[in-house]
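Here are my notes on this model. Please keep the structure open while you read the points.

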Amino acid sequence: MAHVLITGSSDGLGLMAGRLLIAQGHSVTLHARNDKRAEQTRAAVPAAEHVLVADLGSLDGIRSLAAAANAAGRFDAVIHNAGLGYREPRRVETVDRLSQLFTVNVLAPYLLTALMTRPDRLVYLSSGMARGGDPDLSDPQWADRRWNGSQAYSDSKLFDVLLAFGVARRWPDVLSNSVEPGWVPTKMGGRGAPDDLDQGPVTQAWLAVSDDAAARVTGRHFYHQRERLVSAEAHEAAVQDALLDYCAELTGTTIHG
């Protein structure tokens, strides 16, 4: 039995992955951004071991989730599922004067990775839209550009791939991979999304716990339990390190090798 934490799991694919892992006999801790959503999550999945509460829209909120997770015990796997979508109509600035989308989608998985007791496996939720992402770090906070929610989202999902690959390099004893779950009809994906919703949570759950040889790899990107190619830039150590160094500068916390 594996002990698994899933961020952003009060609904959507995170909740589905939690139910799937619990049905397989694993111990699952879920996460909600506030007390009301946590109560709804406990009612929806009473078999969850814990439901941790933290708003990942601020650095303090991310740190509080890391502390609560560490207090709950070491996890065998962490699925970094929490994220904001591509329909954000405007740039929202956090109390840290950072882009909310970048904070939730990129800094949250980065800082949780840095602060939590090191697990055996890390899974970072990306998107097919990462293929349209730009790894340039001249203005990742969209402070100097006219806001484009779709591009900001695509960039953030490419950054999640870079994060997974960069951690895989720095921590060779940890299986660190990224996943695109498909464009599925969740609240984020929208009703018209064409992909198979039932397949949406399968790959991240599989990577988190499976003993299959195909799942026991690191520094790879997956779609529906198969490896999928990403841009050549994503495999460049310098590009990965540039993102990790940028996140370290913003958070004051470094993911050491």
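1. Start with helix H4 (residues 100-115) and helix H7 (residues 237-251). They pack at an angle of about 95 degrees, and their axes lie 10 Å apart. H4 is therefore roughly perpendicular to H7, a label that covers 65 to 115 degrees, while under 35 is roughly parallel, over 145 roughly antiparallel and the rest oblique. Axes are lines fitted to C-alpha atoms, for helices over the stretch in contact, and angles run from 0 to 180 degrees between N-to-C directions. Helices (H or I, at least four residues) and strands (E, at least two) are DSSP runs, numbered from the N terminus.

2. A word on the source. This is a predicted model: local features need pLDDT of at least 70, side-chain atom pairs count only at pLDDT 80 or more, and totals for chains, interfaces and linings use all residues. Residues are numbered from 1 along each chain as its sequence is written, and side-chain values use heavy atoms, without hydrogens and water.

3. Which residues of H4 meet H7? They are Phe102, Val106, Leu107, Tyr110 and Leu111. Their partners in H7 include Leu243, Tyr246 and Cys247. Contact means heavy atoms within 4.5 Å. By class, this contact has 11 nonpolar, one polar and no charged residues. Ala, Val, Leu, Ile, Met, Phe, Trp, Tyr, Cys and Pro count as nonpolar, Asp, Glu, Lys and Arg as charged, and the others, Gly among them, as polar.

4. Now take helix H1 (residues 12-23) and helix H6 (residues 202-209). Their axes come within 9 Å and cross at roughly 50 degrees. The two helices are therefore oblique to each other. Leu13, Ala17, Leu20 and Leu21 of H1 make the contact with Val202, Gln204, Ala205 and Val209 of H6. The classes here are seven nonpolar, one polar and no charged residues.

5. Next, the sheet. Eight strands form an open, mixed sheet in the order E3-E2-E1-E4-E5-E6-E7-E8. Two strands pair if DSSP finds at least two bridges between them. E3 (50-53) and E8 (226-227) stand at the edges with a single partner each, so one side of each has no neighbour in the sheet. E6 (residues 175-179) and E7 (residues 221-223) pair in the parallel sense over two bridges. Valine 179 has phenylalanine 222 in E7 as its bridge partner.

6. Last, glycine 257. Where does glycine 257 sit? Its place is in the segment after H7. Is glycine 257 buried or exposed? Glycine 257 is exposed, with a relative accessible area of 81% (buried is under 20%, exposed over 50%, partly exposed in between, with a 1.4 Å probe and protein chains only). Not counting residues up to four places away in sequence, glycine 257 touches Arg170 and Trp171.
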